[in-house]
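Please look over the sequence and the structure shown here, and then read on.

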Amino acid sequence: MKAQYFILGLSIFLLMGCRQQELLKGLEQRQANEVIALLQRNKIDAEKKDIAKEGYRISVDPKDFSTSVDLLRIFNLPSKPRMEIAQMFPSDSLISSPLAETARLYSAIEQRLEQSLLALEGVTSAQIHVSYHFDSGSNGRKKDPEHVAALISYDRNIDSTLMISDVKRLLKNSFNNLNYDNISVVLTRSPTPLPIAPIEKTASSPSGLYWWLAILPILLTAIAGYKFWQRFSVRDGSNG
């Protein structure tokens with residue numbers, strides 16, 4: 001009976017060593033990969049798991065949870081889900097007003113531009129604002145020129161002059177009649193990650209877990225041998 005309790009306690013201990021704390025869930029694959037990359041750059045082990053229709057879930061060791069949350073806040077992750085223009089106008093939606101459709105279209109254009117800017121080297125986050133001209137060009141009025149503003153957070157090691165030039169060129173070529181003078185780019189440097197203090201190895205760390213997994217077969221064999229010897233001794237005693 002004591003041996004059974006020992007095995008049960010050992011199993012519980014091993015399960016506790018394997019347990020990780022949920023950090024995020026319901027992510028797209030791109031969002032999950034961005035988070036995993038950030039955590040790995042900061043030497044934090046994280047687990048990514050696909051939960052069918054619920055999306056991706058990311059878990060970390062409980063001792064790394066607070067640091068992981070701080071990193072996500074500093075780098076504004078997870079990023080926004082990708083937005084496709086087709087999603088803004090589903091085929092089964094009710095008929096809406098031209099004003100609402102125009103607003104949704106502008107919003108979709110902004111989000112698509114933000115996604116494109118994130119592909120530039122050194123860009124960590126991007127927000128785009130396009131001037132909304134709902135009644136421009138109607139009733140014979142002259143159409144107002146487009147204005148676009150970009151708020152870019154970028155890596156500290158990237159040259160700011162080149163960054164502004166790349167952003168303006170991308171935005172200029174995204175519209176038919178957009179003037180360079182009507183493009184505003186505001187840059188802000190990404191914050192420096194917080195230094196992570198070294199974490200001492202504990203019994204629940206991977207190395208401790210591997211050690212227990214290595215000696216588990218030996219312990220189980222010893223327990224089985226003891227039970228066999230105990231049963232054999234009792235049988236010999238009864239025969240005597």
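Does E110 count as buried or exposed, and at what relative accessibility? E110 counts as buried because its relative accessibility is 11%, where buried means under 20% relative accessible area, exposed over 50% and partly exposed in between, with a 1.4 Å probe and protein chains only. This residue lies in helix α5, and, apart from neighbours within four places in sequence, E110 is in contact with I128, H129, V130 and Y132, contact meaning heavy atoms within 4.5 Å.

The model is predicted, so local features need pLDDT of at least 70 and side-chain atom pairs count only at pLDDT 80 or more, while totals for chains, interfaces and linings use all residues. Residues are numbered from 1 along each chain as its sequence is written, and side-chain values use heavy atoms, with hydrogens and water left out.

The protein chain has 7 helices and 6 strands, which are DSSP runs numbered from the N terminus (helices H or I, at least four residues; strands E, at least two). Along the sequence they follow the pattern α-β-α-β-β-α-α-α-β-β-α-β-α. Of the chain's 240 residues, 28% count as buried, and among contacts between residues at least 6 apart in sequence, 65% join residues at least 24 apart.

The largest nonpolar core has 18 residues, of which I128, V148, A150, I152, V167 and L171 touch the most other members; such a core is a set of buried Ala, Val, Leu, Ile, Met, Phe, Trp, Tyr and Cys residues joined through side-chain atoms within 4.5 Å.

Leaving aside neighbours within four places in sequence, V148 is in contact with I128, H129, V130, L171, F175, L178, N182, I183 and S184. A second, separate core of 17 residues includes L24, A32, I58 and L72.

Helix α2 (residues 29-41) and helix α3 (residues 65-74) pack at an angle of about 120 degrees with their axes 11 Å apart, the axes being lines fitted to C-alpha atoms over the stretch in contact and the angles running from 0 to 180 degrees between N-to-C directions. Where these helices pack, V35, L38 and L39 in α2 meet S68, L71 and L72 in α3.
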